[in-house]
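Here are a few notes on the helices, jotted down while going through the model. Have a look and see whether you read them the way I do.

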Amino acid sequence: MNTDKNSDIIYVNGKIFTSNLEQPYASAMVVRDGRIEWVGAHSETEGMNGERVDLQGRRVLPGFIDAHLHPLFLAKASKQIPCMPPVVESIEDLIKEVRKQRESQNSEDWIESWGYDEGKLTEGRSPSRWDLDKATNDAPVIITRTCGHIVVVNSKALELAGITRDTPDPDGGLIDRDSEGEPTGVLRENAKELVNKVMPVQTFDEETDALVELSPKLLSHGITAITELLARTKPRDYLEMYNAAHEKGLKQRTVLYYIWEDMKNDPILDKDKTNRKLQNHIGGVKLFSDGSISGQTAWINPPFLGEGENYGIQMTSKEELISAAEAAEKNNIQLVIHAMGEQAIDLIVNTFYGKKGWITDGPSIRIEHAAMPTKQALQRAAEAGIAFVPQPIFLYAEIESYLNNLGAERTKQTYPIQSMLKAGIKIAFSSDAPATAWVDPVNPFVGIKAAVTRIAYDGTDTGQDQRVDVPTAITLYTRAAQEITRIPNVGQLTPGYHADFIVLDQDILNISPEEIDRIQVEETYMGGQLVFQKETAITK
């Protein structure tokens with residue numbers, strides 16, 4: 001190829017993994033007007049005109065796409081008390097941290113903490129209202145479990161929410177009670193909303209600023225496209241918020257998925273909002289079929305280990321799924337359903353088995369997490385064209401809870417990535433950050449390491465037969481994620497696509513899999529523009 005445009009940027013001497021099946025590897029590429037113009041061998045660039053950039057033999061990948069993320073929650077969680085090692089390793093540590101924060105603020109101000117996992121706490125149990133009361137009994141406290149499906153509040157917060165021993169469990173939710181019937185402060189699934197309704201709401205500017213502040217952190221991990229899986233219409237519309245954040249400096253291309261309950265009661269869909277050419281657009285509606293494995297609210301069968309028979313919580317119905325699907329089809333957007341347990345997944349797959357999808361260039365239905373699919377569910381999901389979006393980091397970071405709740409052998413059978421692929425199911429990797437017990441939950445390299453090794457952070461085997469190789473793991477975070485999120489022209493380095501790419505400090509394809517989580521991004525480009533550069537990176 002010859003090029004005579006001075007605006008061309010010719011990248012040479014690189015180790016480029018393109019995520020393009022027809023041309024997976026290259027050593028050079030040309031960028032013109034923010035898009036990939038050409039990809040090929042370094043030797044073929046002789047005679048080309050344009051600015052030449054020497055990649056100095058470094059590994060180049062397409063920008064990562066996090067197909068299941070909660071950016072606003074992640075931004076807020078980063079400002080809360082981190083309820084995980086090394087800051088908090090016990091309930092006593094938590095009490096000290098809450099007490100410390102209470103001393104620096106007023107009694108009417110809420111104290112928030114994120115990320116507890118009873119499996120990691122010294123006491124081996126969840127905190128309770130009485131634990132938190134030891135820290136303060138005059139200021140409301142809310143501690144969110146790592147999974148995001150459970151919170152613990154103190155007595156003041158229960159009082160403000162009007163929760164007493166006589167308060168009934170809401171549909172799809174559970175108020176934990178002691179032997180005397182008194183609420184323990186632990187609120188599961190929809191019961192959380194009883195407290196959320198009385199918490200102070202951040203201003204529009206505070207939330208948009210939080211998203212803008214998050215953007216560089218995402219870029220530092222090579223994440224150039226994101227999703228918002230908990231978009232709401234009230235108290236403010238998330239699409240308006242993300243558009244405002246973009247104007248202020250949020251770089252990532254973003255797809256939003258609105259909670260069905262909001263969309264059902266406050267329909268806001270139109271073609272201007274679902275236009276995929278826009279930097280931010282609405283991609284689907286979301287429901288919950290169950291809760292989390294680590295929090296014992298996933299709808300499973302057989303039941304969780306322990307006393308009694310706990311099968312988790314069913315959070316939706318066939319009728320509700322069909323109603324949401326009709327709205328999604330009408331607007332040509334996706335139906336996205338959270339489901340972890342066997343029964344939750346079966347409900348979705350069996351509801352839509354044999355029915356034709358409405359989207360022609362991607363999956364009409366996505367199952368988020370898909371932790372415990374049966375063999376029949378795998379087969380039927382593949383035949384129905386239902387996509388799965390699992391998170392490899394869960395087993396890696398939350399191994400204690402999985403072992404406690406499921407046992408070692410059943411744990412190895414969760415997130416059967418290799419079986420999903422062999423069945424022909426379209427899947428994408430993601431982080432679900434901040435909803436996992438890891439200090440840096442959004443880091444794609446941790447998820448890739450987890451998928452490639454199937455070894456938890458503590459050395460526990462999480463199922464060697466479900467490992468994938470490194471190129472596959474990268475592809476599931478790039479091209480495959482694009483095919484599921486349907487963000488146009490991203491996810492691979494091929495002519496016509498946006499020049500969204502990252503340069504690594506180590507070659508991910510030629511280091512020990514156990515070292516993958518130590519890889520750092522030296523440079524991130526979006527539309528051919530350098531948007532992040534590590535301070536110690538090699539200067540071009």
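1. What covers the buried residues of α2? The cover includes β9 (81-82), β10 (111-116), α3 (129-135) and β11 (141-145). Bear in mind that this is a predicted model.

2. The buried residues of α2 themselves are I91, L94, I95, V98 and R102. Looking down the axis of α2, you'll find them within an arc of 100 degrees, so they line one face of the helix.

3. On geometry, α2 (residues 91-102) has 12 residues and runs 16 Å from first C-alpha to last, close to the 16 Å expected at 1.5 Å a residue.

4. Next, α6 (residues 204-220). With 17 residues at 1.5 Å each, this helix should span 24 Å, and the 26 Å between its end C-alpha atoms agrees with that. After α6 comes G222, which has a positive phi, near 80 degrees.

5. Buried in α6 are E207, T208, A210, L211, L214, S215, L218 and L219. The packing partners for the buried residues of α6 are α1 (71-77), β15 (223-231), α7 (238-248), β22 (521-526) and β23 (529-533).

6. Last, a helix pair: α10 (residues 342-352) packs on α11 (residues 375-384) at about 40 degrees, and their axes are 9 Å apart. Angles under 35 degrees would count as roughly parallel and 65 to 115 as roughly perpendicular, so α10 and α11 are oblique to each other. The crossing of α10 past α11 is left-handed.

7. Who touches whom there? From α10, I345, D346, V349, N350 and F352 meet Q376, A377, R380, A381 and A384 of α11.

Definitions and conventions:
Residues numbered from 1 in each chain as written. Predicted model: local features only at pLDDT ≥ 70, side-chain atom pairs only at ≥ 80, totals over all residues. Heavy atoms only, no water. Helix = DSSP H or I, 4+ residues; strand = E, 2+ residues; numbered from the N terminus. Expected span 1.5 Å × (residues − 1). Buried < 20%, exposed > 50% of the residue type's maximum accessible area, 1.4 Å probe, protein only. Contact = heavy atoms within 4.5 Å. Arc of directions from axis to C-beta. Axes fitted to C-alpha atoms, helices over the stretch in contact; angles between N-to-C directions. Parallel < 35°, antiparallel > 145°, perpendicular 65-115°, else oblique. Left-handed = near helix turned anticlockwise from the far one by under 90°.
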